[in-house]
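Reader: I have a model open here. Can you walk me through it?

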Amino acid sequence: MRCNLARMSQAKIDRLHYVRLPNAQGGRAEMVRLCYVLAGRRFENVFWDLSEARERAAQHNPFKQFPFIETADGRTLYQTLAIMHHVAEGTSMWPSGPALTRALAVAMGAYDLYQAFGGFLATDLAAKQKFEEKQAPKYFVGLEGMYAESAFATGEGPSFADCIAHEAIDWCVRRNEASRALFEQSSALKAFVERFRALPAVQEFRAAQAAARQVDNTV
């Protein structure tokens, strides 16, 4: 690892810690990165190699997993939704009142999709069949209904929930034919993904990520 944690606590921006995963394209960390981008907050990536990832995660997150962040004032925060709250609170990306309730419903439904797909080994054919026949249709149809009602999770502007939904959908569609078919059949979800990716900040971020991954596909 190429950085010193003691030095990092003196930084003026948050440091986002994640593990290097070939061709993973972000997962939970990408959800968090998008939240930073749309909230207009700066961050810096800190990547750990697989050989040291378990130890580092255990030192900084009681759940022993990535991502976790070190804030500009030296605190360590973990768990995707909690990090997003830190990032987006006080901006339009973290709504309040009924809009927050709606955002959380979308966010948790999308995260359940992400977890359902990530919860089995590629060689576990029974689990794959369960995902494709029961779980994927349930979550894709649920998200389709929510995005048929509004442009984004809470209305006309994006929130943290849309970062989670976009990445959960994209994660499954890239890796699973059944998910890809469900997505292609959903005009509401396709329109949402197009709207989300058309946001100027998201366009710029995705272009930068694509360029970085041409050099190193583990970031």
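Predicted model: local features only at pLDDT ≥ 70, side-chain atom pairs only at ≥ 80, totals over all residues.

Author: Start with a helix pair. The crossing of H7 and H8 is left-handed, meaning the near helix is turned anticlockwise from the far one by less than a right angle; clockwise would be right-handed.

Reader: Which residues make the contact?
Author: From H7, Ile169, Cys172, Val173, Arg174 and Arg175. From H8, Glu177, Ser179, Arg180 and Phe183. Contact means heavy atoms within 4.5 Å.

Reader: What classes are they?
Author: The contact has 4 nonpolar, 1 polar and 4 charged residues. Nonpolar covers Ala, Val, Leu, Ile, Met, Phe, Trp, Tyr, Cys and Pro; charged is Asp, Glu, Lys and Arg; the others, Gly among them, are polar.

Reader: At what angle do H7 and H8 pack?
Author: About 120 degrees, with the axes 6 Å apart. That makes H7 oblique to H8. Under 35 degrees is roughly parallel, over 145 roughly antiparallel, 65 to 115 roughly perpendicular, and the rest oblique.

Reader: New topic. How many helices and strands?
Author: There are 10 helices and 4 strands. Those are DSSP runs: H or I of at least four residues for helices, E of at least two for strands.

Reader: How much is buried?
Author: 47% of the 219 residues. Buried means under 20% relative accessible area with a 1.4 Å probe, protein chains only.

Reader: What box do the C-alpha atoms fill?
Author: Roughly 50 × 40 × 35 Å, along the principal axes.

How values were computed
Residues numbered from 1 in each chain as written. Heavy atoms only, no water. Axes fitted to C-alpha atoms, helices over the stretch in contact; angles between N-to-C directions. Buried < 20%, exposed > 50% of the residue type's maximum accessible area, 1.4 Å probe, protein only.
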